[in-house]
There are 2 protein chains.
Amino acid sequence: MKNTRITLKDLAKELNLSASTISRALVNHPAISEATKKIVQKKADELGFIPNSIAASFRMKRTQTIGVIVPRIDIHFHSLVISGIEEFAYNNGYNVTIFQSKDSLKREKEIIKILQNKMVDGVIVCLGIETQNCDHFKKINKSGIPLVFYDRVPTDFDANKIVINDFESAYLATEHLIKNGCTTIGHISGSQTTNIFKARLEGFKAALKKHHLPIEESLILFTKNLTYEEGVACAEKYLESPLKLDGVFCANDYTAVSVIQVFRKAEIKIPEEIAIVGFSNYPISRIIEPHLTTINDRAFQMGEAATKLLIRQIEEKDDDIKSETITLKTELIVRESSSRN
Amino acid sequence: MKNTRITLKDLAKELNLSASTISRALVNHPAISEATKKIVQKKADELGFIPNSIAASFRMKRTQTIGVIVPRIDIHFHSLVISGIEEFAYNNGYNVTIFQSKDSLKREKEIIKILQNKMVDGVIVCLGIETQNCDHFKKINKSGIPLVFYDRVPTDFDANKIVINDFESAYLATEHLIKNGCTTIGHISGSQTTNIFKARLEGFKAALKKHHLPIEESLILFTKNLTYEEGVACAEKYLESPLKLDGVFCANDYTAVSVIQVFRKAEIKIPEEIAIVGFSNYPISRIIEPHLTTINDRAFQMGEAATKLLIRQIEEKDDDIKSETITLKTELIVRESSSRN
DNA sequence: TTAATTTGCGCAAACGTTTGCATAACTATT
DNA sequence: AATAGTTATGCAAACGTTTGCGCAAATTAA
């Protein structure tokens, strides 16, 4: 039972056929008669033939593998995306190898090298926070490997991108607050070097403007990473504000949860006195009390869409690589934190 | 700029050396002079040489890749483990390709086939819920591919396993409740077909016994998947119980959170009237109010440990595959939900 | 029957590495 | 000056597939 894996040649010898015939038989090539296909398949099963994909990849220059680069795997959003990627890839005969950039540009570049060495058929990436310049991606793209970005996408070249409409989602969320009677609305935003947070802020402002509400700059708070702790700090600022807020739109769910908790502790009724909306539909949003109104950002679908687009580009013959941007529709999930019925 | 990747031969021709010399120079082989190593490296950089790992894998029968099979990627515990795996693997020159079994035995078997085809150097797996029989794993193991299980591990053969001591952790958690003055303690448990939940129940009982507290079977509730919703149902049962509980040990954090919320809504003070302990240290445990006392199950470290063990076995010459079980130490994280100080 | 077409299969090359062995060029030892 | 030892490099085979092309046999058309 030691390391002598059966090969095509072994099968060939065994059946007095050529290796080519065996090969073709096993992939159901039309030029082979049904009869011999049966024979070959049977013998293959019998001898426990294990096809050597590496040899095939080597020969065909195709690995049926897609590389994925995410900042971190243990961020729920990314794990959802990866889940969508794996699911779609698996169902279409591709495997997925994952890398964490840890938001390090250096590591991102290393990974790109590895992916080229390993000849992945395509790659899906969410940019690291350090990455301002995408030359390393341009290079791999030029070398013929299709690329799809999601969520944090490059702005300096037009690649394939899967995004949600952050502007519109934020607009919707804010408008929802307004329709629920809020007139003095705050916004907790993320780093303005990241486009998605910039867009959410713009959407927020646009909704206010549209409904003729003043934009109170003092109610727009900026955080670095939208952490729970930063959220707490923001909420406390709101408490001290001379303006009495009656609504907050938070750029993610963590900060929204902070706001809920801080305000509750201050004995301010949610949603009666202040309505809260988050962003991302994290699991906690349906657990926190009151349950949090939020935006479903379609992480799983994002993974699927990215993979679908990537595989299409991999399998398309014409090698003039077009670039496409797909914008996924989000959805406002209304829960108690904003429902003044 | 089209598909003509530079090869060793190209470099060889360019430098009037043989391909073997180039190959050896690039891997820093001792038999090559420093002088030529310099030359070769320089030329390689100059021409943008990209080593073809597939060819190398083909030749060496080693892919520097480890396969990972998890039930689902988007479960936080697994995403943490995977994160640990990727981190350790990356730092040791291995790549990680992931698969989701979706708890399907059929899919698990398919994946095993793929992993053999692709000649991964080793595999890390958390068994799917359907998997009672590990013959497919035994087979791949026999074929010389090292295997490490984590969390949900097989009982019917002795493989490499990374686990935590569920019994001891549960014992500790329960004892903590007792030391905080609880005398009537409930336990919300998971499916008893899963060993880890069986062990947690046993640990719970053992602690009670040790401290001469009666084991009230009616306070031990079983759920199927330890979901938040099941937790709510359990908590409601507790409310209706004739026995007045003053503590609950939950087999995971989701159910613990349910209990907190249901009891709070019933205006029962936590931890004064009832103390709660969860299991896993999910992010929500430090957000829910009161913050949840729980067990740190060391998911990330589990991934690291699994990978470390796996790589050791891959790189060990002697091919008599030993099997090892590593038990990670857990840690009780005391927070407000159980602190009656 | 012969010619033309189709069907089924084999030959052999190629993919880019790595590696055991041979060999050439030195250096050191006698 | 001859021998042994060392150092640096080259040769060639091998890894297991896939695939273009060729060819024989079987089938169909004439």
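This is a predicted model: local features need pLDDT of at least 70, side-chain atom pairs count only at pLDDT 80 or more; totals for chains, interfaces and linings use all residues.
User: Are F149(B) and F157(B) buried or exposed, and how do you know?

Analyst: Buried means under 20% relative accessible area. F149(B) has 0% and is therefore buried, and F157(B), with 13%, is buried as well.

User: What makes Y254(B) and Y282(B) an aromatic pair, and which parts of chain B does the pair tie together?

Analyst: Their rings lie 5.3 Å centre to centre, which is within 6.5 Å, and the 80° between the planes is over 60, so the pair is edge-to-face. Y254(B) lies in helix α11, residues 253-265, while Y282(B) lies in the loop between β9 and β10 of chain B, so the pair ties together parts that are 28 residues apart in sequence. Y282(B) has a relative accessibility of 12% and counts as buried, whereas Y254(B), at 29%, is partly exposed.

User: Why is R200(A) said to lie over the face of F279(A)?

Analyst: For a charge to sit over a ring, CZ of Arg has to be within 6 Å of the ring centre and within 35 degrees of the ring normal. R200(A) is 3.6 Å from the ring centre of F279(A) and lies over its face. In chain B, the charged end of R200(B) sits over the ring of F279(B), also 3.6 Å from its centre.

User: What makes E46(A) and K43(A) a salt bridge?

Analyst: The nitrogen and the oxygen have to be within 4 Å. In this pair the N to O distance is 3.4 Å, so the side chains of E46(A) and K43(A) meet in a salt bridge. Both residues lie in helix α3 of chain A, three residues apart, about one turn of the helix. K43(A), with a relative accessible area of 17%, is buried.

User: How do you know that the salt bridge of R286(B) and E229(A) joins two chains?

Analyst: The side chains meet at 3.3 Å, N to O. R286(B) lies in the loop between β9 and β10 of chain B and E229(A) in helix α10 of chain A, so the pair joins two chains. R286(B) is partly exposed at 39%, and E229(A) is partly exposed at 44%.

User: What makes the link between R298(A) and E331(A) one between distant parts of the chain?

Analyst: The closest N and O atoms of this salt bridge are 3.2 Å apart. R298(A) is in the loop between β10 and α12 and E331(A) is in strand β12, 33 residues apart. E331(A), at 33% relative accessibility, counts as partly exposed.

User: Which residues form one network of salt bridges?

Analyst: Salt bridges that share partners join E86(A), E87(A), K102(B) and R107(B) into one network. Over all chains the count comes to 35 salt bridges.

User: How do you know whether S101(A) is buried or exposed?

Analyst: At 0% relative accessibility, S101(A) counts as buried, the limit being under 20%. S101(A) is found in the loop between β2 and α6 of chain A, and, leaving out residues up to four places away in sequence, S101(A) touches residues including I69(A), P71(A), E108(A) and G128(A).

Note on methods:
Residues are numbered from 1 along each chain as its sequence is written. Chains are lettered from A and ligands numbered from 1 in the order in which they are written. Side-chain values use heavy atoms; hydrogens and water are left out. Buried means under 20% relative accessible area, exposed over 50%, partly exposed in between (1.4 Å probe, protein chains only). Rings of Phe, Tyr and Trp (its six-membered ring) pair if their centres lie within 6.5 Å; planes under 30 degrees apart count as stacked, over 60 as edge-to-face and the rest as tilted. Helices (H or I, at least four residues) and strands (E, at least two) are DSSP runs, numbered from the N terminus. Contact means heavy atoms within 4.5 Å.
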